[in-house]
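This report looks at aromatic side chains and their surroundings. Please have the sequence and the structure open as you read.

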Amino acid sequence: MTGSAGKVDKPRSRSPHLEKSAGIAYVRANPMATKLPSPPRVGMVSLGCPKNLVDSERILTQLRSDGYQMSPDYAGADVVLVNTCGFLDSAKEESLEAIGEAIKENGRVIVTGCMGKEAEAIRTRFPDVLAVTGAHQYEQVVEAVHAAAPANLSPYLDLIPDAGLKLTPRHYSYLKISEGCNHRCSFCIIPSLRGDLVSRRPDAILREAEKLMEAGTRELLVISQDTSAYGIDIRREPRMWKGQEVVPHMTDLARELGKIAPWVRLHYVYPYPHVDQVIPLMAEGLVLPYLDIPFQHAAPSVLRRMKRPGNDAKVLSRIHQWRELCPDIAIRSTFVVGFPGETEEDFQYLLDWLDEAQLDRVGAFRFEPVEGAAANDLPDPVPEAVKEERYARIMEKTAAISAAKLAAKVGRTLPVIIDAVDDEGGANGRSQADAPEIDGEVFLRDAGHLTVGDIVPVVIEDADEHDLYGVPA
């Protein structure tokens, strides 16, 4: 669930007459005084990836501007929105459980997000849902809320920050630059859920980034289904931004964002050749030295069955070149184990590739058949026990690599963004190599003087498999 965003202090009046206008006494003495209605309250359960989180923020921003307040719990909500994830069967089950819980605890539920494609199945299981809409169907969601809990706009109540409402802490924000994807990976149904690539105008993105900075953001996390492909659908449409043309291309956009925000982090970057052009921006400090690249596998035979682009040897060569140009670059990725037809030789190839690539952050998941995915029809499924064994081996391998890379940072002074400060002089934050919630953290001592959102130099004193420990310099 999410709460409302801050409060606006009302100006004090010097008039004794107006000072009496607050409270029950004044209302009783002035029965004709306007009594402001209580606005309807909306609860939100947001599941899935950061792209879904951005969708939730946009929906809540629109609802807030329409006169609604946010409820932090089921009991106080007039209607509950459940923004679902439908990428894997396990994610679908989690979404269905969330819908069921919301219906049990509140009863007035609107479903949106990726599972909106399965409206009939949702209604069959939960006939009491008020409405079901698909991914990024903002207008339909808002219309459904208006129908379920009408709101009356009031100039005294309906104040909203320029940057909109956020579900993330104030000091970092996700910035969505496009929707949809042109790839047709055999294990993925995202294009059928969200459609083909649709890029936002660069000037609109940069304007949003500036508003986020004005609202207190210090770190922008750039997200999309395929950040490298940004702009290919609108390549011939440069836009004016502060007196100069900005081409809708990943490199140009990253450069301009780097002029706006202290930290800019790139997620979901496919290793197209033009990604090489972004590395100098990292070396210059305009963009964080961090790339989130979903490699998914390394064995050529598996990549072919996945319908994934990629030449593992060439990618390894490029990774070495990136590190020569920008030694501190951190590369994170995700991998699928147990894909249909994956042999022990394929899996060992992946482990050997990881030894060579020395990726900084790695996540892995076991292959799951997803309704509608082409991979479901591939022969030679991998037994569940083998998937589990391979998953354990890849996590052991990547944990050892991570531990060694983090140990090499002991004794260095690194910039760290502060995420939380406690009452006992401790704090935790993240280095430039750490994205929120998916990577490691930096735990600090003697840091009670710091404030959330500060970016400070930290002397690294210790490390484990995933996290760093230090003290402000």
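## A ring cluster

Phe 187 counts as buried, at 7% relative accessibility. Buried means under 20% relative accessible area, exposed means over 50%, and partly exposed lies in between (1.4 Å probe, protein chains only). Phe 339 is buried too, at 0%.

The ring centres of Phe 187 and Phe 339 are 6.4 Å apart and their planes meet at 85°, so the pair is edge-to-face. This pair links distant parts of the chain, 152 residues apart. Phe 187 is in the loop between strand 7 (178–179) and helix 7 (190–194). Phe 339 is in the loop between strand 14 (330–337) and helix 13 (344–357). Ring pairs also bring in Phe 367, making a cluster of Phe 187, Phe 339 and Phe 367.

## How the model is read

This is a predicted model: local features need pLDDT of at least 70, side-chain atom pairs count only at pLDDT 80 or more, and totals for chains, interfaces and linings use all residues. Residues are numbered from 1 along each chain as its sequence is written, and side-chain values use heavy atoms, with hydrogens and water left out.

Helices (H or I, at least four residues) and strands (E, at least two) are DSSP runs, numbered from the N terminus.

## Aromatic pairs

The structure holds eight aromatic pairs. One of them joins Tyr 172 and Tyr 174, edge-to-face, at 6.4 Å centre to centre and 90° between the planes. Tyr 172 is buried at 6% relative accessibility, and Tyr 174 is buried at 7%.

Rings of Phe, Tyr and Trp (its six-membered ring) pair if their centres lie within 6.5 Å. Planes under 30 degrees apart count as stacked, over 60 as edge-to-face and the rest as tilted.

## Charges over rings

The charged end of Lys 51 sits over the ring of Tyr 268, 3.8 Å from its centre. The charged end of Arg 265 sits over the ring of Tyr 290, at 4.5 Å from the centre. The test asks for NZ of Lys or CZ of Arg within 6 Å of the ring centre and within 35 degrees of the ring normal.

Trp 241 is in strand 10 (residues 239–241). Its relative accessible area is 9%, so Trp 241 is buried. Beyond neighbours within four places in sequence, its contacts (heavy atoms within 4.5 Å) include Asp 203, Arg 207 and Glu 256.

His 249 is in the loop between strand 11 (244–246) and helix 9 (250–260). His 249 is buried, at 11%. Setting aside neighbours within four places, His 249 contacts Tyr 230, Arg 235, His 274 and Gln 277.
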